[in-house]
Every structure is written in C-alpha cells, then in structure tokens.
Amino acid sequence: MGLLELKSIKKTYFLGSSVWGKRKIVEAVKNVSLTLEEGVCLGLVGESGSGKSTLGKILLGLEKPDQGEVWFQGRNLYNLKAKELKELRRNLQVVFQDCYSAVNPRLTVGEIIAEPLRNYERLTSAQEKKKVQEFLEIVGLCLEDIHKYPHHFSGGQLQRINIARAIALKPKLIILDEAVSALDVLVQVQILNLLAQLKEEFQLSYLFISHDLQAVNYIADRLAVMYKGEVVERLDDMEQLERLEHPVSKKLLSSVLPPYPSGERLGIINNMTKISL
Amino acid sequence: MLKNVKRQLLSHKLMMISSMIVFFMTLLALLAPFFAPNDPNLVDITHKLQGPSSKFPLGTDHLGRDILSRLIYGTRTSLGTAFLVMGLTMMISIPLGIYAGFRGGWGDYLFMRICDILMAFPSFLLSLALIGILGPGLVNLILAMVLVQWVFYARVIRGMVLSVKEQNFVLAAKVCGTSRLVIVIKHILPAIISQVAVLVFMDIGGVVLAISGLSFLGLGIQPPGAEWGMMINDSKQFFRNAPSLMLYPGMMILIVVVAFNLFGEALRDALDLRRE
Amino acid sequence: MEQQPILTVNKLNIDVSTPHGVTQVVRDVSFKIEAGKVFGFVGESGSGKTMTCMSLLNLLPGEAKVVKGSIKFRNKDILNCSAKDMRKARGSEIAMIMQNPMTAFNPVRTIGRHFIETLKTHLPITKQQARTMAIAYLEKADLPNPENLLKQYPFQLSGGMLQRVMIAITMSLNPSILIADEPTTALDATNQLQILQQLNWLRKEYDTGILLVSHDLGVIAQLADEVAVMYGGYIVEKAPVFKLFNRPMHPYTRVLLESRLGLTRRKIKSVQRVSVSSPNLINKENTCPFFERCEDADHTCVNDNLELKECEKDHLVRCVKSG
C-alpha cells in the first residue's frame, strides 16, 4: 500500500448556463488511478489542459471528485470528519506555480510561514519566531527577512518562502504544482536542488506536476504522462526515459531542445515525426 | 508625461478639498450645538422671513427660526442618519456577502434568488412602500433604507469574496489546515475591507440624498426636527418671496453629495485598488 | 560580405523612476540586427531585456526614459520620430510578438476580424482581398484548416496556436524587423519547436531580422546567429552563437550554460554559488553588476572602468578578468 493512492478518479466540469443554451462538458480527469510510495518523487507531465492541475487539487482535498477515491496514509480523504481531515492535512502540503498569488500580500514573511504552525502547534511567540527563522535558514533566506512583506522579494525568493511554509509541519507529501515553471532557468535549478536536498533531509515524498520534461527528469524518480484527463504511460525507472513509447510521451521527449547549438540546428524539427493528435 | 502630472496634481487638489469638506461637515455634525448661533427649533413668529442680520446670519424661515442653526443641525441629522444607515447595512451585508461567497452551495443559491427578487424593484420606490407600511418617522426611515440596501451591498461583497477566494493564498491556507473562520478573518476580510470602505464613502452621498428626498415627502424626520429635505419642503410655499430658503439646504445637499463622492474616489486612488 | 544592418542600437541607457529612486535598467547597450539574421538576448527577469525591446518600438512606459544613446532603423532615428510615423512603422516595419498571446487578442473578436483589420489598416485593400490574403498566410504558416480558423474566437485556441496565428499576422505585413519577446515562455514545451520553426522560416523566406529574447538558452541555441547575454542592465557578453556556447568568457554566462537541465540526470552544483538576491540596480556606476554573485570576484573588480572589450574577433566581454 502506497502513501497516496488514487482509485479511478473522475472529474467533470460543466461550463455555461445550465438552463439556457448549451452546456459545455469538460472531462478534466477521467479514470485516473495512481500510486505513490513513500520517499518517492513522482513526476506528472502533460500539456496544459491535460488535467494535471485538477488532479493535484483533487488529491489536496480542495476539489471533490465525481467518482473514485483518494487514499492518503490509509484513509479516504473525502470520507473523513473535519477533525480527522485536519489531522491528515498536516502531512499533505502544496507549492503552487504562481508564487506571487500564493502568499497573502498583507502578511509578513514571518506570519506566512507561521500560519501552518499556528494551526497545529501551540507555541509561544518566541518559540514560533525561532522555528520560522530555522526554516528561513533551511530554504536559504536571511533571518532579517522575517519582518519583510512579499513585494520585497523576487519570484525565486518567494518560492523559497512557499517551500518553507510547506515544510513547516514536516509533512509526508508535498504536491509541487508547476512549482518552478514560472522562474528563470538559473533559479529553477536552484529551487530544484533545494527540493532535492529537502527531500533527503525531511524524508519527503513529492508529486511533481509540470509540463517541462527537463525539470521532471531532473528531480523525479518515476514518471506518469497525462493526456486529455488520462494517464497514458508510466515509467518506473527514469534512466529509461528514451524508451517511452506512447506518441504523447514521444512528443514531449522530442520537444526538449538540445542544450548546444549543433551544425544542423532546428534539424530535429524537420526530422521530427509529425504526430497528429 | 505632462498630462499625467497635471492629472495627479488635479486629483490631489480635489482630494484635499473633498477631504477638507468631509472633515468639516463631520465636525459640524458632531459639534452642532457649539457652532449654531441660535436654538434651531425656537419659534418666533415676530421675526419670520427676515433677511440676513447679525443675529440671524442667513435670515429666518416662516416660523422665525434661524436658518443657519437649522442648517447646522440638519448636517447632524442627515449625516448621522446616513452613517447609521450605512453602518447597519454593512452589519448585515458583510457577514451575509462573505457567507454566500465563501461557502457557496444552497445558501448562496437562496441568497442570489432573494437578490434577484429585491433588485427587480427600484430601490427608492421599495423604501417608499416600506415606509408606507411601517408609517413615517426617523426609525422607520432607517429601517426601510437598510432593508432595501443590504441586498445590493451583500451582492457586491459576495463578488469580491469570490475573486479573493480563488487566489492561491487562500487555497494554501486551506491546505495548511487553517479553519474557515480564521481564513475569513485573516485572509478574506483584510483583502476586501478597503474596497468596501471606498464603496461606502462613494455611496454615502446617495444615502444623504435619499434621506432628504424621503424627508421632503414628509416620510422621514418629523417636525420640528431640522433636516435639509424637510427644510426645502417647508420653504416651497415661500419660493417667490424668499427663494434663498430653498437654496441653502439645496446647496448643503449638493456639497455633501459631491464631496463624499470625490472623497470616495480619492480614497480609491490612494488605496490604488485597481493596481492590486 | 558586410551587410548594412537594419536596426542599430548605440549606447542605449534607460532610467526608470520609482518611488525609491532612479533605477538604471538598461546601461550602455549596443547591438545591430541584420536582414535574415537572428539576434538573441538572454538574461534573467529584471535584466533589462523587455525595456530594451519596448524602447525599439518607442513604447516605453511613462516612468521609463531613454537618457542616452540612439536607435536607428535604417536611416530613421526612432527616438525622435513623430508619433504618427511611429504608428505607421509599428506592425509594418517593426513588429512585435508578445510572451502571452492570450492578452494580445481581443477576446470578443474572431481571429478573422483581427487578421483582416490589421491588414486593412496597413494596406490599401478591400475586405475580400484581405480575407484571401489572411487565408494564404495562415496556410503558409502551416496552420490547419485556415478558413475555419478565421471564424474562431481566441479562447477556442490553445496558447501555441494563438502564438502561431500571431506570427502569421505579423508575417503578412512583411516587417523588416520582428521583436519576439519570450515567444515560447508561456507555452507548453511541445509548442515551442513549432514556434521556433516558424520564426526560422520567416527569416529565411522573407529575410526578416529577428530580435529573439529569452531566458532559455535552449531556445537561443536553436535559432540565434549572434547572442548577447544581459545582466543587471548591461550586456556582459556578446558573441556569435557557436563561440558563446563553446567558449563562454563571462562568469555569468558560464553559470548560465552550466545550469541547463537537458535530459541528463547529473546534478548541477555550480548554481549554488550564485547567491539568492538579485542585483541592486540603483546608482551603480562602474562596478561590475555581477560582482556580488560572482565566484571569481575580488578587489580588482571594484571601481574599475568596465568596458565591453573584444577578446577575440566578434567576441565581446565585460569583465576585467577576461582576455
């Protein structure tokens, strides 16, 4: 039994008016089953609109699926009393893509990182401050940053703050929803390194959701490829990335640009098998 | 570039003037007995319809009452009532708007349908009808206005909550295990409160106008209390002999409405809600 | 054969006034774009790339100002151009495609209306001619089913599709210069190649000079002929693409090159040395912008008059330690 188990999850959205006119049905997630073992980083790749982010929200307990079950630490996430759910949430955290909107602009960094601590632990303000500073140090920020507001920080620094908040309760699983996609290349690598280091330090598991196969490849141990609401391919050994078979996975693979300019630049494009999807 | 600077200066000037008027009016309302030279309700038929004099700086009305004093006391009635109406409205609208927006579900559905029904009627007519049922008087006027207004504000606040609720920091707070009540108090309320304040100040002029209108029709403050709308009503028969009797309260209404409106706009610019 | 450049930027300096003081966002930037060539701009956010692009179109926001330098388009001085001339030049002579194609389209207008209106404002043709032309260009851009595409609304298309439509529209006006500001950043990786391919085709077929701005070296490596690396408002290194990738001279370029992920699983350690904070751009004359984050920095880097020096042919570096 894994840490997190998804059993045939289904989620459909209805767009447009329900009484007048046509209703547009969007099957965001259809019949997804996934297992995530403890200590593993599972990469979930797919194009935008493939249902990755919806799936992320479902397993955070933010969006109830139409069908299927989410089992986390052996408990069904959508069949719990409020108190039990709160206890379970402790072990399930998130880092969003948009680091700017993920922090309340009216709170100081100290208050932002302390928020989960205040919900679960009874600390004196001195203890709390000490703990927050400890986490600031872990994610590579200065101790003085505790009194600053979010607008003083760059995207990469804000993402570090978000990570500090996510690890504050020492959770078991963190959902990283495109956590590095909006950052500069250099900062991306720094954040990915930080995440890898934290994973060892706190024995975390990650679900790394991204459209960028390079970032996923850098950090993930296993891979699942999503397309139009379904998981179309799985890979348990990242070393065998080249052996992906499904056309969608191949398309993702071929979209990774080679790191150096070569004699026949853009040649890959011409040779690329045109996959009509 | 130049245009920009000019606009900013202009808006600063307007802001200065409007906030000064707002401040002065509030002061006038709070310290009416101190500012007023005479008793506003003292009837003295022997001095009726007099022109300006040292004892009565703006003259007297048809019952010989001092107009300036009545105007000053009228500020107290009009502004006081308007703030009371707005305050009571917000006490209903803020919790209900937040509840409907944040919780959603059937409560929200029910709320929206009530809104649809109440907002189908023109609000002034609706308050007229309500006063008609309740009977004229200050308390009933306040009650009627609050009962009609709250729907509109609750709906606007619901909209604000809906947009804040989808922000990632609210989702992140949920994931952190923060309870709904704490999310509302710590994340949602601070995010909308400045917008609500702007709304209140921009609309308070309208409330003053509505109160004066209802009083003009004899449905609000009852004689002998001083109120601008009622003063206009009282003086309309003497329009030919003493037009200034109508002019003064009319001017007061105009100044208050415009000043509060500009103040609201200046407040919005100062808080820079659009850039947020 | 030496070609006459279409666009010449010479010692461009841009200041932005903020409530905290004047920020020098672009400093001493010079480059040339030739017909049919792609000039790449690499740098992190806040390095001045976007401001430079905006100044080329004379579209700087109110608080930003060109304080020094010149921008010459053929023989016209763009900075002193009248508003009317500039409007005419925009689109037909100098075109721009944005990072987020979603915001470049009006959501309530069809693609066809966008396309036809753009054509009609710049060319003396009838609506029917414009329509035929639009279809022809969408076909040239290899977009499927152009007739149907014209009837669709922006929200019905994916970001990648919209960006390709945007390029098709740009193409139809046959501009001499195209400024592509992070054209693939907001898009899925799978769309990236198609966009690059289309840009490549554009410069080959129409001899358009392209200014390609990106923070992703992979994109630059694919398309650019010459690359400038920007840091803290300065061009810190400028070289032909192969030279830059094979022999990076500036420490920042080296870190950037080492930080590319690719598909190998080796861990990249060098980025750790680069500290977390961004460069402070306020009042910094004659100090290396990379000083605080550079691993090779020492006392010789301070108060030295930094110039962009040629250390080999066509390879310019702004670092006292190079050469």
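Student: How many helices and strands are in chain C?
Tutor: Chain C has 11 helices and 12 strands. Helices (H or I, at least four residues) and strands (E, at least two) are DSSP runs, numbered from the N terminus. One caution: this is a predicted model, in which local features need pLDDT of at least 70, side-chain atom pairs count only at pLDDT 80 or more, and totals for chains, interfaces and linings use all residues. Residues are numbered from 1 along each chain as its sequence is written, while chains are lettered from A and ligands numbered from 1 in the order in which they are written.

Student: How much of chain C is buried?
Tutor: Buried residues are 44% of its 323 residues. Buried means 20 or more other C-beta atoms within 10 Å of a residue's own; exposed means 12 or fewer, partly exposed is in between, and C-beta atoms are placed from the backbone.

Student: Pick one helix. What span should H4 of chain C have?
Tutor: Helix H4 (residues 111–122) of chain C has 12 residues and should span 16 Å at 1.5 Å a residue; its end C-alpha atoms are 17 Å apart, which agrees. The expected span is 1.5 Å times one less than the number of residues.

Student: Which residues in H4(C) are buried?
Tutor: Ile111(C), Phe115(C), Ile116(C) and Leu119(C) are. Down the axis of H4(C), its buried residues fall within an arc of 115 degrees, so they line one face of the helix. That arc is taken from the directions from the helix axis to the C-beta atoms.

Student: Why would spaced-out residues point the same way?
Tutor: An α-helix has 3.6 residues a turn, so residues three or four places apart point the same way.

Student: And what covers the buried residues of H4(C)?
Tutor: The cover includes helices H5 (127–140), H6 (146–150) and H7 (159–172) of chain C.

Student: Where is Pro175(C)?
Tutor: Pro175(C) sits in the loop between H7 and strand S7 (177–181) of chain C. Pro175(C) has 24 other C-beta atoms within 10 Å, so it is buried. Beyond its neighbours within four places in sequence, its contacts are Ser92(C), Glu93(C), Ile94(C), Ala95(C), Thr170(C) and Thr208(C). Contact means that the C-beta atoms of two residues, placed from the backbone, lie within 7 Å.

Student: New topic. How many residues of chain C are in contact with chain A?
Tutor: 35 residues of chain C meet 34 residues of chain A. On the chain C side, H8(C) gives the largest share, 7 residues. By class, that side has 17 nonpolar, 12 polar and 6 charged residues. Ala, Val, Leu, Ile, Met, Phe, Trp, Tyr, Cys and Pro count as nonpolar, Asp, Glu, Lys and Arg as charged, and the others, Gly among them, as polar.

Student: What do the buried residues of H6(A) pack against?
Tutor: They pack against helices H5 (155–167) and H7 (213–219) of chain A, together with H9 and H11 of chain C. Among the buried residues of H6(A) are Val185(A), Ile191(A) and Leu195(A). Just after H6(A), Gln203(A) takes a positive phi of about 50 degrees.

Student: And chain B, how many helices and strands?
Tutor: Chain B has 10 helices and 0 strands. Of its 276 residues, 41% count as buried. Its C-alpha atoms fill a box of roughly 75 × 55 × 30 Å along the principal axes.

Student: Which elements of chain B touch chain A?
Tutor: 13 residues of chain B are in contact with 18 residues of chain A. Helices H7 (168–175) and H8 (180–216) of chain B each give two or more residues to that side. H7(B) supplies the largest share, 7 residues.

Student: What does UniProt list for residues 75–264 of chain B?
Tutor: The unreviewed UniProt entry lists "domain: ABC transmembrane type-1" there. UniProt positions are given in the numbering used here, feature names are shortened, and annotations may be inferred rather than shown by experiment. Over residues 75–264, chain B is 83% helix and 0% strand, with the end C-alpha atoms 19 Å apart.
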